[in-house]
Amino acid sequence: MSDNLTNNCRLEIVDSIEQDRSTDSVENKESTQTAESERIDELNRRIEILSERLSQSQRLSAIGELTSTTVHEFNNILTTIINYAKLGMRHVDKTSQKNAFEKILTVANRAAKVATTILAAAKNRKQSLEPTNLITLVDDVMLLLGRELNKYKIVIERYFPQNAPEIMADGNQIQQVLINLLVNARQAMKNGGRLILKIIHDEENEMLDLTIRDYGCGIDENELPHIFDRFYSTKSGPDETGKGGTGLGLAACKEIIEQHKGVIRVESKLGKGTAFTLKLPTVIRAKLIELQQEKEN
Ligand SMILES: Nc1ncnc2c1ncn2[C@@H]1O[C@H](COP(=O)(O)OP(=O)(O)O)[C@@H](O)[C@H]1O
Ligand SMILES: [Mg+2]
């Protein structure tokens, strides 16, 4: 709630209180105070509604960005299904038909997984934190974006530990963060290049660190302090696949990671590339934070 929009609402509240004060007389002080507090309640309600709407736009913009990718994905899957169905009809022997059915089942399962992932991400529901495998989350996002990254000649290198502990997270929200970061990385590498995904278990702090490093255009040091601001964008609008240009992506990432008691960091060099690191509490760390908070209350 520390963004410009919320600050504007706060200023509105302060302004209106000041105005009321200046016209205040001793006799009607009490009724003015009641009116003041009602007005503050009303403006607070409006702030809440606006914040909720903004979060919803952020979520929908991440999903909207996936629409064209998903349509392409389904189209490819349908083509495969049609071709194998034709093959199965032409070759009536049992082995060829079984083979065709198996291929159809594999791609149809993939389509079902893509559809479920998108539907889950679109659901408007309260955050629910649970023990979550970060590597599985990254793999699910790759299922949605892998082909597109491939098309733009982006080569993914993965460095994941064997036995990473689970993090305490809302899987849909973390997927939304990953989608935003990966789309930004892809857009920064117009001619393709390396994209490194790395997970490290920071045992000292009981956090998992996920780094997404691109070798793209990088960010100017004057722009760097603004990139997490809502509506800050250096893009002229959505690209040819309908992605980006809203300036909502990184603002949503920061909000989500902070709600997870995590941290998002960025390192960038103009012309060299950018690395975003998410530090997320493991289940153990989340429990410790919870105990600490209980103690304080
Ligand atoms: N990986 C990246 N490489 C270079 N610039 C980036 C990267 N990620 C974000 N940015 C910069 O941060 C800005 C804000 O990003 P974001 O909030 O996702 O909005 P959008 O993608 O809609 O412009 C981008 O417009 C871009 O200037
Ligand atoms: Mg973006």
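Mentor: Residues 24 or more positions apart account for 74% of the contacts in the protein chain with a separation of 6 or more, a contact being two C-beta atoms, placed from the backbone, within 7 Å. This is a predicted model, in which local features need pLDDT of at least 70 and side-chain atom pairs count only at pLDDT 80 or more, while totals for chains, interfaces and linings use all residues. Residues are numbered from 1 along each chain as its sequence is written, and chains are lettered from A and ligands numbered from 1 in the order in which they are written.

The protein chain has 7 helices and 7 strands, taken as DSSP runs numbered from the N terminus (helices H or I, at least four residues; strands E, at least two).

Around ligand 1 there are 23 residues, the closest being Asn184, Ala188, Ser233, Thr234 and Gly249; a residue counts if its C-beta atom, placed from the backbone, lies within 6 Å. Both α5 (171–188) and α6 (249–259) supply at least two residues of this shell, and α5 gives the largest share, 4 residues.

These two helices also pack against each other: the angle between α5 and α6 is about 145 degrees and their axes are 9 Å apart. Axes are lines fitted to C-alpha atoms over the stretch in contact, and angles run from 0 to 180 degrees between N-to-C directions. On the α5 side, the residues in contact include Gln173, Val177 and Asn184, and on the α6 side they include Gly249, Leu250 and Ile256.
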